[in-house]
Amino acid sequence: MDAIITLDIGGTNTRCALFHTEKDDPVSIEKVNTSVNNEPAINRIIEVVEKSWPKDRKVVGIAAAAPGSIDVIKNEVILAPNIAGWQDYPLGEILEKHFNTKVLVNNDARMAAVGEWKRGAGRGHNDILYYTVSTGLGGGVITGGHILQGSRGIATEVGHIVLDDNGPLCGCGKAGHFESYSSGTGIQHHVERKIKEGAATILKTAAPSSREIAEAAKAGDELALEAFEIGGYYMGIAVSNYLHIFNPTCVIFGGGVTLSFDLIMPSFRASLEKHVLNPLYLKDLKIALAELGDNAGLIGTYEYMKQNV
Ligand SMILES: [Zn+2]
C-alpha cells in the first residue's frame, strides 16, 4: 500500500500530513515551528517528515506547499521573504536526495486553491478564482479543469496585480498592488495613515491590529468602516479583472480576513457590479468562503501529488 506526505510550510509554522492513497483524509498531521533559534528551516522540515514517515507503506511522493515565488519546473523556491536564506533555494532537490522519493514544490496559496477545488467550496467547478486574504494576499486559478501555472510556475500572483501605480506601498515594495488595499496589512496601513493625518476614531493606538479595526468597525467607527469599504472596493476591481480574463463560475475567499467579510462584502459586490463589462459575468457566479480552513494547503498538495504520480 502507498502513502503520500504533504507539507504546508509557513514563515512561523510548518504542518506535515501523512495520507494513505486509498483515503481522502490525512492519517496524521504534525506541526512544528519552522525556525527555532536561527536554525535552518530545512532541519525542522526534514525532522517533521521523518516523524510522519509510515513504517509499513511505501511513500510514493512528498508534495510541499511553500510561501513566495516557486519555480515549479526546477522545484525551487525563487524567493520566500519570510524564511531566512530561501532565495533560489533547491527545496525539491534537497528533500528528494534525503528521502529518495519524488518531490513536488508549489506555491502555498495555489495549493489551497487546489484543495478548495477538489474537496472544498469549489467542488464541481472547472473554472475557479481563489484568494487567501490574510496579512498578505495570494491565490490561484483553475481554468478548464487545469491549474493555471504559467511557463515557470509563477503565474497568478493575484495579490500583486497593479490597481493604481500611485497607490500605497505593497509588502513586495511596489506601489498600488491589490494586496496594498485589501489584505489585513493593507487595511491596517490605511487606518494608520489616516490616524497620522488626524482622522477621528475610537481606536486608541497609532497602529491598531486587524482585530481591533474590525471591532471598531462593528461598533460603527467611521474610519474603521472606511478601511474595510476601500478594501472591498479594490477587491471588486481585482475580481472583475479576473472575470474578464477567464470567466470563472466560482470565486472563493479564504484566510483570516474572511472573519470580517461582512464588513467587506457590501462595497465588494457594489464595486464588482460597477466594474464588470457585462452582467453575464456575474450570472450564476458562485461567491463563497473557503471550507477547508487550515487544511486547504495539506489537502491541495495531496490532490496535486495524486495527479502527478
Ligand atoms: Zn505587491
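## Domain interface and strand pairing

By the rule used here, one salt bridge (a side-chain nitrogen of Lys or Arg within 4 Å of a carboxyl oxygen of Asp or Glu) is found across the interface of domain 1 and domain 2. The model is predicted, so local features need pLDDT of at least 70 and side-chain atom pairs count only at pLDDT 80 or more, while totals for chains, interfaces and linings use all residues. Residues are numbered from 1 along each chain as its sequence is written, and side-chain values use heavy atoms, with hydrogens and water left out.

**Domains**

- Domain 1 covers 2-113 + 294-308 and domain 2 covers 122-290, with bounds from an automatic or database domain assignment.
- Taken over C-alpha atoms, the centres of domain 1 and domain 2 are 27 Å apart.

**Interface**

- In contact (heavy atoms within 4.5 Å) are 15 residues of domain 1 and 15 residues of domain 2.
- About 1,100 Å² is buried between domain 1 and domain 2, with 51% of this from carbon and sulfur atoms; buried area is the accessible area (1.4 Å probe) that two parts lose on being put together, summed over both.
- Of the area that domain 1 buries against domain 2, 47% comes from Ala109, Arg110 and Ala113, more than from any other three residues.
- Six residue pairs, both residues at pLDDT 80 or more, are in polar contact across the interface of domain 1 and domain 2. A polar contact is a pair of N or O atoms within 3.5 Å; within protein, one must be able to donate a hydrogen and the other to accept it, and residues adjacent in sequence count only if both atoms are side-chain atoms.
- Strand S5 (69-71), strand S8 (103-107), helix H3 (108-119) and helix H9 (296-308) each give at least two residues to the side of domain 1 that touches domain 2. Helices (H or I, at least four residues) and strands (E, at least two) are DSSP runs, numbered from the N terminus.
- H3 contributes the most to that side of domain 1, namely four residues.

**Salt bridges**

- The count by this rule is 11 salt bridges.
- Arginine 152 and aspartate 71 form a salt bridge through their side chains, at 3.1 Å from N to O.
- Arginine 44 forms a salt bridge with glutamate 47, with 3.5 Å between the closest N and O atoms; both residues lie in helix H1 (residues 41-52), three residues apart, about one turn of the helix.

**Sheet**

- Five strands form an open sheet in the order S11-S10-S9-S12-S13, with mixed pairing; two strands pair if DSSP finds at least two bridges between them.
- Strand S11 (146-147) and strand S13 (286-289) are the edge strands, each pairing on one side only.
- Strand S9 (residues 128-133) pairs with strand S12 (residues 250-254) in the parallel sense over five bridges, and isoleucine 128 stands opposite cysteine 250 in S12.
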